[in-house]
Amino acid sequence: MTGGGETAEPAGEDPRGDVQSLASALVLDRPIVLVGLMGAGKTTVGRRLAALLKLPFVDADEEIERAAGLTIPEIFDLRGEAEFRSGERRVIARLLQGPPQVLATGGGAFMNDETRALVRAHAISVWLRADLDVLMRRVEKRDSRPLLRGVDPRATMERLMAERYPVYAQADLTIDSNNGPHASAVSLVIRALAQRQRAHRTANEH
């Protein structure tokens with residue numbers, strides 16, 4: 001158990017068919033919201049998870065760019081982080097009113113008190129947790145991260161981890177997304193969702 005959520009521990013890989021059967025048996029009446037730092041794998045894991053659950057996949061950053069008519073780096077450069085966060089909050093609030101889907105959010109979205117309350121009320125939140133070395137290996141492949149444009153990106157990432165991990169820990173579920181393939185993280189999410197559903201069903205029977 002981590003913070004207010006449940007932590008899924010890595011286990012031996014079960015046959016893929018078992019994961020598919022668990023996914024098929026899930027009854028989801030609300031969105032699944034993926035939270036975590038840049039490089040945690042929210043988009044890649046989210047797309048695979050959505051395909052397995054036969055749900056739409058939505059990337060909040062793409063929706064923000066579509067609404068603004070600008071890329072994320074352009075919004076930061078032209079309007080500043082505060083304006084970006086305001087737009088992000090509005091877009092996520094709108095998306096949470098929609099049907100069940102897998103929603104990948106930007107690294108700072110869950111830090112907003114209002115957004116976090118909306119996610120808690122209308123969705124199942126999943127924190128994809130990764131250690132510093134893994135995150136840095138992943139983000140170094142891309143140069144479109146506004147918050148890492150500085151003299152020491154690693155120090156920036158360490159600061160973000162210190163600030164954000166205690167808040168991410170409030171998510172309903174915590175999944176470790178480290179060196180293994182993204183398929184392993186997807187499997188862990190499915191198992192954690194299935195375990196959560198069983199626990200809720202059992203609680204309601206008593």
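**Group meeting: rings, strands and helices**

Okay, let's start inside helix H8: tyrosine 165 and tyrosine 168 sit three residues apart there, so about one helical turn separates them. Before I go on, keep in mind that this is a predicted model.

Now for their rings. How do we talk about two rings together? A pair of aromatic rings is described by the distance of the centres and the angle of the planes. The structure holds four aromatic pairs, and I'll show you two of them.

Take tryptophan 127 and tyrosine 168. Their ring centres are 5.8 Å apart and the planes make an angle of 50°, so we call this pair tilted. Where do the two partners sit in the chain? Tryptophan 127 belongs to strand S5 and tyrosine 168 to helix H8, which covers residues 153–168, so this pair links distant parts of the chain, 41 residues apart. And are they buried or exposed? Tryptophan 127 and tyrosine 168 are both buried.

Back to our two tyrosines, then. The rings of tyrosine 165 and tyrosine 168 have centres 6.0 Å apart and planes at 45°, so that pair is tilted as well.

Arginine 129 has its charged end over the ring of tryptophan 127, 5.4 Å from the ring's centre.

Okay, on to the strands. Strand S5, residues 124–129, runs parallel to S6, and four bridges join the two. If you want a spot to look at, find leucine 128, which stands opposite isoleucine 175 in S6.

Now, a bit of background: in a regular strand the side chains alternate between the two faces of the sheet. What about the two faces of S6, residues 173–176? Both are covered: Leu173 and Ile175 are buried on one side, and Thr174 and Asp176 are buried on the other.

Next, H8 again, this time with a helix beside it. The axes of H7, residues 132–139, and H8 come within 11 Å of each other and cross at roughly 125°. That makes H7 and H8 oblique to each other. As for the handedness, H7 passes H8 in a right-handed crossing.

Last stop: glutamine 20, in helix H1, residues 16–25. Glutamine 20 has a relative accessible area of 37%, so we call it partly exposed. Glutamine 20 and isoleucine 190 are 170 residues apart in sequence, yet in space their C-alpha atoms are 8.7 Å apart.

That's me done, thanks!

Technical notes: Residues numbered from 1 in each chain as written. Predicted model: local features only at pLDDT ≥ 70, side-chain atom pairs only at ≥ 80, totals over all residues. Heavy atoms only, no water. Buried < 20%, exposed > 50% of the residue type's maximum accessible area, 1.4 Å probe, protein only. Pairing = 2+ DSSP bridges. Phe/Tyr/Trp six-rings, centres within 6.5 Å; stacked < 30°, edge-to-face > 60°. Lys NZ or Arg CZ within 6 Å of the ring centre and 35° of its normal. Axes fitted to C-alpha atoms, helices over the stretch in contact; angles between N-to-C directions. Parallel < 35°, antiparallel > 145°, perpendicular 65-115°, else oblique. Left-handed = near helix turned anticlockwise from the far one by under 90°.
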